[in-house]
Amino acid sequence: TVGDSLERLQAQGVTVMFRPCSEMNGGWFWWGHRERSEYVGLWTFLFDYFTRVRGLNNLIWVYESDAGVHAPTAPGGGSSAGDYYYPGDDMVDVVGHNLYSDDWVLTWDSATVFGRYPKVFGIPQAGPARTGRDGTFDNLTYVERSDAALRRSSFFIVWNSFTGTDP
């Protein structure tokens, strides 16, 4: 079904930022927080199926981890959870992490972690963490903090149209 929809978009000349199995370093999705071989195997299957079997060339493959569980696992910005799951340069076009934060202050240096990859870097999902989901969040926070916290970022996509507060 997904392949059929992507084929229709390709026929219409539409390029898709394809973000399969995001936030793999968290445990809230069935594909998350698994052995590296399982995640990379799933990504490889999807990549092969959509590009080689279905012949889709309109996909920009976006590898996106979750910022909250992406802290480096070694001193000085060494290996991180996102590094652990990275499927390889030949199957990824854009790297990034999602960031739901009220102040956009990271406890780790995203430029160091993602600077290891010769890819465009972005924030595929962004928004407030808890406060401000009722529409009071100041969107200028993204502009004011992105230079300090996300120096290498080429784009960010804001999910900030929440209605109401969390229970």
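This is a predicted model: local features need pLDDT of at least 70, side-chain atom pairs count only at pLDDT 80 or more; totals for chains, interfaces and linings use all residues.
Numbering starts from 1 along each chain as its sequence is written, and side-chain values use heavy atoms, with hydrogens and water left out.

The sheet comes first. Five strands make up an open sheet in the order β1-β2-β3-β4-β5, with parallel pairing. Strands here are DSSP runs of E with at least two residues, helices are runs of H or I with at least four, and both are numbered from the N terminus. Two strands pair if DSSP finds at least two bridges between them. β1 and β5 (156–158) sit at the edges, each pairing on one side only. From one strand to the next, the twist averages 30 degrees. As for the helix side of things, α2 packs on the sheet and touches β1 and β2, and its direction makes about 165 degrees with that of β2. Axes for such angles are lines fitted to C-alpha atoms, for helices over the stretch in contact, and the angles run from 0 to 180 degrees between N-to-C directions.

Further into the sheet, β3 runs parallel to β2, and five bridges join the two. Glu-64 stands opposite Gly-96 in β3. Five bridges also join β3 to β4, again in parallel, and here Leu-99 stands opposite Ala-126 in β4. β3 is mostly covered, with six of its seven residues buried. Buried means under 20% relative accessible area, exposed means over 50%, and partly exposed is in between (1.4 Å probe, protein chains only).

Now for the core. A nonpolar core is a set of buried Ala, Val, Leu, Ile, Met, Phe, Trp, Tyr and Cys residues joined through side-chain atoms within 4.5 Å. The largest one has 34 residues, and those with the most contacts inside it are Tyr-39, Trp-43, Phe-50, Leu-59, Trp-61, Tyr-63 and Val-95. At least two residues of this core come from each of β1 (16–18), α2 (36–53), β2 (59–66), β3 (94–100), α4 (110–114) and β4 (120–127). α2 provides the largest share, five residues. Leaving aside residues up to four places away in sequence, Leu-59 touches Leu-6, Val-16, Phe-18, Phe-50 and Asp-93; contact means heavy atoms within 4.5 Å.

The C-alpha atoms of Trp-31 and Cys-21 are separated by 6.7 Å, although the two residues are 10 apart along the chain. A polar atom of the Trp-31 side chain lies 3.3 Å from the backbone oxygen of Cys-21 and 2.8 Å from the backbone oxygen of Ser-22.

Most residues other than glycine have a negative phi. Cys-21, in the loop between β1 and α2, has a positive phi near 55 degrees. His-33 is placed in the loop between β1 and α2, and its phi is also positive, near 55 degrees. Cys-21 is buried, with a relative accessible area of 13%, whereas His-33 is exposed at 59%.

Technical notes: A polar contact is a pair of N or O atoms within 3.5 Å; within protein, one must be able to donate a hydrogen and the other to accept it, and residues adjacent in sequence count only if both atoms are side-chain atoms.
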